[in-house]
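Me: Can you walk me through this structure slowly? I am still learning how to read these.
Reply: Of course; here it is, and we can go through it piece by piece.

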Amino acid sequence: MKVSDVLRAPEASRSNALHAGAWWVWALGLAVAASRTTNPLLLGLLVGVAGYVVAARRTDAPWARSYGAFVKLGLFVVFLRVVFSLLLGSPIPGTHLMFTLPEVPLPEWAQGVRIGGRVTAEQLVFALYDGAKLATLLICVGAANSLANPARLLKSLPGALYEAGVAVVVAMTFAPNMVADVVRLRTARRLRGRPTGGVRAVLQIGLPVLEGALERSIAVAASMDARGYGRTAQVPASVRRTTNVLTLGGLLGICAGSYGLLAAEGAGYGLPLLGAGLLAAMAGLRLGGRRTVRTRYRPDHWGMRAWLVAGSGVAVAVLMIWANTYAPEALHPGVVPLEAPELPLWPAVSVLVGLLPAFVAPVPATAPASKEKA
Amino acid sequence: MIRFENVSVTYEEDAEPTLRDVNLTVPEGELVLLVGPSGVGKSTLLGAVSGLVPHFTGGTLTGRVTVDGRDTRTHPPRELADLVGTVGQDPSAHFVTDTVEDELAYGMESLGLAPGVMRRRVEETLDLLGLAELRDRPIATLSGGQRQRVAIGSVLTPHPKVLVLDEPTSALDPSAAEDVLAVLQRLVHDLGTTVLLAEHRLERVVQYADQVLMLPDGVMGAPAGIMAVSPVHPPVVGLGRLAGWDPLPLTVRDARRRAGELKARLEDRVPAGPLPHGPASPASEARGSGGGAPGHGKGRSGGIGLFKRRRTETAPGPAPLVLAEGLAVRRGRVEALRRIDLQVQAGETLALMGRNGAGKSTLLSTLVGMIAPTSGTVRVAGRVPHSTSPRELIRQVGLVPQEPRDLLYADTVAAECAAADGDAGAAPGTCRALVSELLPGVADDTHPRDLSEGQRLALALAVVLTGRPPLLLLDEPTRGLDYAAKARLVARLRTLAAEGHAIVLATHDVELAAELAHRVVIIADGEVVADGPTAEVVVSSPAFSPQVAKILAPQPWLTVEQVEAAL
């Protein structure tokens, strides 16, 4: 076999499925990179990279459709950020006056708050950059969401948390099911000859939707119970007590430790306390795992390709943080005075490292004739 | 294996116990079929085996239920999970994970089986149930029959000794139902699994049963003995009783062996039309012409695709109530319907059949304007459904959806009726009168949710009929109905057809189609593959033919009723 054949990404199947965690590390890496720049060209490049990988590697599964929703949400955030800047003004001093909105006179005590008034080009550009950064963060999260099955992530949780995790995932299916219910009931309204829009319709549909969702949750709970959810193994009382002490103590330690780190005077004891707390909590979870009897069916393996995917995300983040030291002004194009953003060569190249998953991750099989409808 | 000792179950809100003093013993490795009319506590009895009653549902259970020696009183459902596998009526409420393979493994994971064992059993189960192609598919994208098989597979993997199934084939098309039953039989024969199942469609399951348990009396015995006295029985038994065969045949094969003499007696007789307004003699007339429009002379209904258009041009007669030409519907990348040509006349009853996911429901949705056609035209009473206002449309066409509950959202029957009158612009009291007729003895303040499946269907039907639509569509109307409720529904629909309503039913129930329909249209893969008079279509395709037709083939008898009338 030729080397190029070995290197080519295989067709995705259950056995070579990329670890869900790898996708999340990759996406969070991109998100960290996005948080380190306001250059719209670099942000656009990040969105492009995330979008390309999603387009190349997502499946036809229902959870894979969330990317579009996240992109829309991102655009909405940009829009919102600009509107707020327009209405509430901005501390950015600007000289390029674009127009002046009528200003609402506010009483004395509301000093510092402004509604309406001058709108400058600088303030709008600043709001745009800021919004774009947030939007990019959201889109990165959306990419992870559509590439990795959320239920698969569960398989990587420690045993003690698994049951809680299942509950959370089942609870999360509540929302899509409710959407399906709304669609069904709107159809039913049409069948009964009523208009499907309007406030009255929403009110009349609301109650049955909630009822239906509740009934379904109870049915799923019954099914889970009958299939052995929550079976526990007998463990000695001493182990149970130690588990409780370790977990509670650990959590307290983490709380106190993080308070220490954040408060000005406690920096000395903060770090060791946090560390000790984390250790105790992890030991507690591990011990707690003994109570659960469950095993895992075909957990995802963290293999070479997972390392490459996760590594490319981390690399983008690290390179971007590093770029902040050698080219800070290119990463944060000036707003006052206004200047056109430039695309700095090396940071741009480092963003492109994030494209790696589009070449190494297993390729999802082309949709098997999806003739049977849902 | 399963023992009930003086078991009674009472739910708090009811004065009467749902189950009263049930005593029974189910030996290991038997397939026991639970029969009885709706609301006699079949589901409760099944729930008591898995421990969900009373641990999960509440209520009080007196007496003792033991499964393989474990008392359900001291063992909650999760402690019985390795012993009892349960699949409820609605498979979609059963799924915890989101892909087929994970779902099959879930139960084993909870029991803590070793990874190697789990892997092996998942592979075995995938093959056993024919799910290997679907292993990576998200469950949300599966069809009804596939879901049912996944649900059964998911409880099989932990190798339970007892399998409890509540109406496992009601939502399935005939061939999918046979697959599921074949699997159950294999489990009983090869693995010695004890199976307890409740099912209304006896014609599908009774021949597989080792014993039949009849509620509410709690009598258990060999199928032939019970069927001889049971008020609910499949057509093959009905025919056997009519002909006085003894012992009673339970399978089509046994019945056919006895049928020689009956066939000879029926030789020169002609079946009466299935309906008062039915085609005068489907046996003779329909054979050649491919269509008979009831009540409006002959030769004017749909016919098979190619010939249809020509005949529409030449044949005179009233405009059809439903006229679809070249109808196509796409959903995303899926072509749900392709080049559908269909006509339905007033007074005609049409059965749409076809496997799960073939496009039957989509076609009905198109007729009520919920889905706009991608290409082609559809007219209902001369109107384009999807661009007609809902208020106007409900006076032309009414659909009773697969889940009648969707149509009901008030919290009392009276409020539901008042709303229906308002919607349809009918005189106050119209709907209530219909309800009283269809559902005698239902109080005004009953919550629709507390009605049984059949009662809910009747209420939804009344709501839809309030607008007096000339075209009535029903999607899977007999799911969850017992024989009595089904007989009432059939009688009611016949009256409606006689009054001139056109009725279109999408159904898997071949017996219902045989009793009711003038014409059968079979849809496969979004296309019409057969369209013609019931007797012709149904007799020519084994999957869709009713039991009587199979027994008396090649003579064109469809129902016990026809045979009875002819003798």
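Me: Which strands form the open sheet that has β13 of chain B in it, and in what order?
Reply: Six strands of chain B make up this open sheet, in the order β15-β16-β17-β13-β18-β19, and their pairing is mixed. Helices (H or I, at least four residues) and strands (E, at least two) are DSSP runs numbered from the N terminus, and two strands pair if DSSP finds at least two bridges between them. At the edges stand β15 (397–400) and β19 (527–533) of chain B, each of which pairs on one side only, and from one strand to the next the twist averages 15 degrees.

Me: Before going on, what kind of model is this, and how is the numbering done?
Reply: This is a predicted model, in which local features need pLDDT of at least 70 and side-chain atom pairs count only at pLDDT 80 or more, while totals for chains, interfaces and linings use all residues. Residues are numbered from 1 along each chain as its sequence is written, chains are lettered from A and ligands numbered from 1 in the order in which they are written, and side-chain values use heavy atoms, with hydrogens and water left out.

Me: What about the open sheet with β6 of chain B, what is its order?
Reply: Six strands of chain B form that open sheet, in the order β6-β7-β8-β3-β9-β10, again with mixed pairing.

Me: Why is one side of β6 and of β10 in chain B left without a neighbour in the sheet?
Reply: β6 (84–87) and β10 (219–221) of chain B stand at the edges and each has a single partner strand, so one side of each has no neighbour in the sheet. Within the sheet, β3 (residues 31–35) and β9 (residues 211–214) of chain B pair in the parallel sense over four bridges, and Leu34(B) stands opposite Leu213(B) in β9(B). Helix α1 (residues 42–50) of chain B packs on this sheet, at about 155 degrees to the direction of β7(B), and helix α6 (residues 144–156) of chain B lies across β6 and β7 of chain B.

Me: New topic: how much space lies in the largest cavity?
Reply: About 150 Å³. On a 1 Å grid over the protein atoms alone, a cavity is a set of points where a 1.4 Å probe fits but cannot get out, a pocket is an open set with protein on both sides within 12 Å along at least five of seven lines, and lining residues have an atom within 4 Å of a point. Grid points are joined across faces, edges and corners, and a volume is the space filled by probe spheres set on the points.

Me: Which element gives the most to the lining of the largest cavity?
Reply: α7(A) does, with four residues; α6 (150–154) and α7 (159–172) of chain A and α4 (100–111) of chain B each supply at least two residues.

Me: And what is the volume of the second largest pocket?
Reply: It is about 530 Å³, and α20(B) provides the largest share of the lining, seven residues.

Notes. Contact means heavy atoms within 4.5 Å. Axes are lines fitted to C-alpha atoms, for helices over the stretch in contact, and angles run from 0 to 180 degrees between N-to-C directions.
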